[in-house]
Amino acid sequence: MVQWIIPQYFPFEGVVFDMDGLMIDTERIIKYSWDVMGETLGYSQFGDNIFQTLGISRVQRNQYFLNKYGKDFPLQEFLDGYHQVYAEYERTHGIPKKKGLLELLEYLKGQNIPMAVATSTHQEHSVPELEKQGILSYFTKVITGDMVTAGKPDPEIYRTACEQMGVIPSRTLALEDSYNGIRSAYRAGMKVIMIPDLLEEDAPIKEFLYGKMESLQKVKEWMQQGER
């Protein structure tokens with residue numbers, strides 16, 4: 001159900017998409033993989049850590065684990081193990097696209113609105129995933145976590161995306177699911193729509209939102225209504 005939406009639509013110069021949890025349903029699989037590997041290492045409900053790390057960079061996330069569990073936490077063993085669990089899940093079940101993604105991408109392409117990706121995931125993982133999902137060609141730019149010095153919620157990644165697209169941030173739409181990503185795009189001066197994934201409540205970041213919609217399909221429908 002749509003909780004609240006923007007009162008009116010105006011044509012944007014560009015749209016910047018987050019990746020994990022926004023376009024591709026990866027966050028639930030990551031949480032599952034963390035739970036499995038956490039149990040192997042003797043930690044219960046380890047996957048719940050994802051709620052504190054959504055949207056942040058690899059460096060920030062790894063430091064979070066060390067801060068919480070101590071310098072003796074077997075970080076590399078955990079990382080290697082959960083990546084194996086994730087890869088096995090993907091081989092067996094696949095990773096689905098989020099509802100309405102292809103429809104929205106096709107619509108924006110048809111309207112000649114440039115699109116970019118701003119993801120905290122490093123290039124070595126994000127670009128192959130976008131290729132695997134068959135959506136890389138829609139984007140003029142892909143800005144990844146290893147291409148910036150400061151991760152979300154710092155605005156650098158969204159500012160970089162807008163600069164490389166040649167668009168004005170205040171006339172560019174950001175689509176996000178995480179609080180850190182929403183803060184990042186807002187601080188970059190963009191209009192931000194939240195599409196909930198693992199995080200559903202908007203109270204912590206409502207002041208930063210242009211709107212909130214239940215799916216990418218609803219974003220497309222809202223844009224189409226603006227044409228009438």
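**Notebook: rings and helices**

I started with Tyr89, which counts as partly exposed at 26% relative accessibility (buried means under 20% relative accessible area, exposed over 50%, partly exposed in between, with a 1.4 Å probe and protein chains only). I noted that this is a predicted model, where local features need pLDDT of at least 70, side-chain atom pairs count only at pLDDT 80 or more, and totals for chains, interfaces and linings use all residues. Residues are numbered from 1 along each chain as its sequence is written, and side-chain values use heavy atoms, with hydrogens and water left out.

**Entry: aromatic pairs**

I searched the whole structure and found 21 aromatic pairs. Rings of Phe, Tyr and Trp (its six-membered ring) pair if their centres lie within 6.5 Å; planes under 30 degrees apart are stacked, over 60 edge-to-face, and the rest tilted.

I looked at Tyr32 and Tyr89: the ring centres are 5.7 Å apart and the planes stand at 55°, so this pair is tilted. Tyr32 sits in helix α1 (residues 27-41) and Tyr89 in helix α4, so the pair ties together parts 57 residues apart in sequence. Helices here are DSSP runs (H or I, at least four residues), numbered from the N terminus. Tyr32 is partly exposed, with a relative accessible area of 41%.

Next I checked Tyr43 and Phe73, an edge-to-face pair with 5.6 Å centre to centre and 65° between the planes. Is Phe73 buried or exposed? I found that Phe73 counts as buried at 4% relative accessibility, while Tyr43 counts as partly exposed at 23%.

I also saw that ring pairs link Trp34, Tyr43, Phe46, Tyr64, Phe65, Tyr69, Phe73, Phe78 and Tyr82 into a cluster.

**Entry: packed helices**

At what angle do α3 and α4 pack? I read about 125° for helix α3 (residues 58-69) and helix α4 (residues 75-93), with their axes 11 Å apart. Axes are lines fitted to C-alpha atoms, for helices over the stretch in contact, and angles run from 0 to 180 degrees between N-to-C directions. That makes α3 oblique to α4 (under 35 degrees is roughly parallel, over 145 roughly antiparallel, 65 to 115 roughly perpendicular, the rest oblique). The contact (heavy atoms within 4.5 Å) is made by Arg61, Asn62, Phe65 and Leu66 of α3 and Leu75, Phe78, Leu79 and Tyr82 of α4.

Last, I looked at helix α5 (residues 101-110) and helix α9 (residues 216-225), which pack at about 30° with axes 7 Å apart. That makes α5 roughly parallel to α9.

Conventions:
Helices (H or I, at least four residues) and strands (E, at least two) are DSSP runs, numbered from the N terminus.
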